[in-house]
Amino acid sequence: MRRFGIWMALGGLLLSAACGGGSAGTPATAAKPLAVGFVAEPANLDFTATEGAAIPQALLVNVYEGLVKLDQDGKIQPLLAEKWEVSPDNKTYTFTLRKGVTFTNGAPFTADDVVFSVDRVKSDWKLKIKTQMDVVDKVEKKDDHTAVVTLKRPSNGWLYSMATRLGAMFSRTGVADLANKPVGTGPYQLGSWKRGDSIQLTANEKYWGTKPQVPRITLKYFKDATAMNNALLTGGIDIISAVQAPESLAQFADPNRFQVVEGTTNGEVVLSMNNARPPFNDKKVRQAVRHAIDHRALLDTAWAGRGQLIGSMVPPTDPWYEDRTGDYPYDVAKAKELLGGKTHNVKMRIPNLPYAVAAAQVVKSQLAQVGINAEIDPLEFPARWLDVVFKQGDYDLSIINHVEPRDMGIFADKSYYFHYDNPEFGKLLASADSGTEEEQAADLKAAAKLLSDDAAADWLFLFPNLIVARKDVTGGLPKNGISEAFDFTALTKQ
Amino acid sequence: MIAYLAKRVAVLLASTATAGVVVFAFMALLPGDPAEVALGVNATPEAVEALRGQWGTDRPPLTQFLDWIGGLATGDFGVSYVTSSPIGQQIGERLGVTLTLVLGGMVIALIVAVPAGTFAAVHHRNPLGALISAFSQVGIAVPAFLAGILLVFVFAVQAQALPSGGYVPPAENPSMWFQSLLLPWLSLGLVQGAVLTRYVRSAVLEVMREDYLRTARAKGRGRMGALWRHGLRNAAIPVVTVLGLQLATLLIGAVVVERVFVIPGLGDLLLNGVAQRDLLLVQGVVMLLVVAVLLVNFVVDVAYAVLDPRLR
């Protein structure tokens, strides 16, 4: 241990010497380029045709901008729209567009592009999320800087969708090769892309808003968590965008070198139970599972205590969040009573992802105490898990992090792999979408409570947003991971 | 010699064709539909169907196979499902990186193994020779990626002397290029060097017992002189064989080492391709690796024949 300390001191000395030498040649005012470590590299750059978090993470807000964006509290803020007005019947949205905005291909941004982009979701997008735009009746240009969207029925969810990738604004002359050449209005544009290694974003000199301070951001991709940690330790990168193994945080404990940011995400780690087949088609068995799991102990063991207990399908950044962890307190005797002395042998088919594997061990041992014997069957993710569990529904228990924002609605679809079937739940969701803001919150609170009462699944924990950065990175490190984008625009490095 | 060569070429072609069938069949058996993986959890069946049509994965397997193998014969690997760019081009970009890695590792292995193995053979009766043998035993037990992790820990994380990973193209910055490859080369080369040392040692020992070497020494040459003049060429035969076989291991070792050091080579391309079910890409890379191994074996066989005329 002592030797370790000496090495660290020596390393620190070398590092500070290196930094001292480097900064002498650069002017003190200019912020330096930044390198950020990510796990998943985009397969291509077209998030209208390819699923996955990696593309919007890199490009949304940074390269592509929408009319509106989400702030750190989950509230909708203006972006390319200076303001908007909603008609009294909640069906017509009139957006006043910012003037002097141009795309990086030189084309000006006007209401025509809004019409083009919104229509294009229905006509050209390939992803299922495009159905969130089905509620749009028509989108029209009033003048160059005013666009009017009319909905078929009032929908609270629609404007929220416009803050996600669905609302990204595309140039009518910039969609020829979306997979390789993104054209947006954002503060950054694509510099270069070394496939398998990194993507470089460079500052957009003609940006309409506050120009970014960091001239160049390199997104470096690491398949291996240790390699990413080492890169931060050795100065290869400045930021780890998402810590892969919370146990590894100990390496970054020195506050003179590193800062750790911990916040929440939209990711509910769900212990799904197949509501369509025995034994979990029996509500009592599902309730027994919820009582049998000591969630605090599980979080401590499986994810080093990082994360939050939630108890239902709502993260704390949604306005209708309620702490539902008290619904089914840890109670082995109660669980056994609900099972009526019966034992069950079940298959727990999990994706081979670190959090799922770690949590599955704890779930298995805790369920064994009440007489549910789970056999863990790890499946390669995504292909195998998607096929066996998600598509064929051939499982009893599974564990997966559901990362989509405001995704409680997946329980309303009984063909979804939970096979949860309660018409009351669907009615609450429909009523929430068309009601006033207050009615929406009240309905969604009731919906979350219903899910919890029915034990439609068990919510193990809310996935934490864990970022580690070098001490000299300042500005806005996004504390809560609630948007699809990793927003670079406020970062600086001294 | 010509008859021998013709026979070897025929075997090479037959094995390549067989490999093509096997690789394709294995890909077809791999679970997971590329279109479903690309479109993700929430894709509609219509979208998946449309993508299958676009990619041609809905055609009968035989059609797909003939299409693929026909393309390969003309050097066309097809277009990747996921990135929609030509696979040949992607492989080309990555191949150079992996070859640099493998060849550098091989050079280090030889630099280590030839002197160490010869020394251990000549001094096989004294403690220093035994020590080298013991070291090479340990080296054999260590996989290249573990060596890589240890090297990163010592030279990058603790000493902060070299980068822990990443790759800089030589055109961009030659000095950084060298630094970024030094640790990966060492991880592959030291482990391979340990393996080779044992073969060099036993080959040299073998040769030292031969009659012609005794004759040479009887004619007045010293031990090293006789070995140099008459022994090493003969000792090279088994070593070249092993070297060829090890080249295949080195290639596979490189796949893993690339992941440890975040190097965008063929291994990285292959593992990504598997994860994204970019089947055409995976087929292309695997086929290339198989052909590389077959070619190496072919070259070894031929080199063998050149070194030892009795085998022709």
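Which helix of chain B do the buried residues of α3(B) pack against? In this predicted model, the partner is α2 (34-39) of chain B.

## Helix α3 of chain B

Helix α3 of chain B spans residues 45-55, and its buried residues are B:Ala47, B:Val48, B:Leu51, B:Arg52 and B:Trp55. These residues lie on the same side of α3(B), because the arc they cover around the axis is only 140°. An α-helix has 3.6 residues a turn, so residues three or four places apart point the same way.

B:Pro45, B:Glu46 and B:Gln54 are exposed on the other side of α3(B). Just after the helix comes B:Gly56, which has a positive phi of about 80°.

## Extent of the A–B interface

Chain A contributes 40 residues to the contact, and chain B contributes 40 residues. Between them the two chains bury about 3300 Å², with 58% of this area on carbon and sulfur atoms.

## Polar links and contributing elements

Two salt bridges are found across the interface of chain A and chain B. A:Lys223 is paired in a salt bridge with B:Asp268, with 3.0 Å between the closest N and O atoms.

On the side of chain A that touches chain B, at least two residues come from each of α1 (2-23), β10 (216-221), α5 (225-233) and α10 (383-391) of chain A. α1(A) gives the most, with six residues. By residue class, this side of chain A has 19 nonpolar, six polar and 15 charged residues.

How values were computed
Residues are numbered from 1 along each chain as its sequence is written. Chains are lettered from A and ligands numbered from 1 in the order in which they are written. This is a predicted model: local features need pLDDT of at least 70, side-chain atom pairs count only at pLDDT 80 or more; totals for chains, interfaces and linings use all residues. Side-chain values use heavy atoms; hydrogens and water are left out. Contact means heavy atoms within 4.5 Å. Buried area is the accessible area (1.4 Å probe) that two parts lose on being put together, summed over both. A salt bridge is a side-chain nitrogen of Lys or Arg within 4 Å of a carboxyl oxygen of Asp or Glu. Helices (H or I, at least four residues) and strands (E, at least two) are DSSP runs, numbered from the N terminus. Ala, Val, Leu, Ile, Met, Phe, Trp, Tyr, Cys and Pro count as nonpolar, Asp, Glu, Lys and Arg as charged, and the others, Gly among them, as polar. Buried means under 20% relative accessible area, exposed over 50%, partly exposed in between (1.4 Å probe, protein chains only). The arc is that of the directions from the helix axis to the C-beta atoms.
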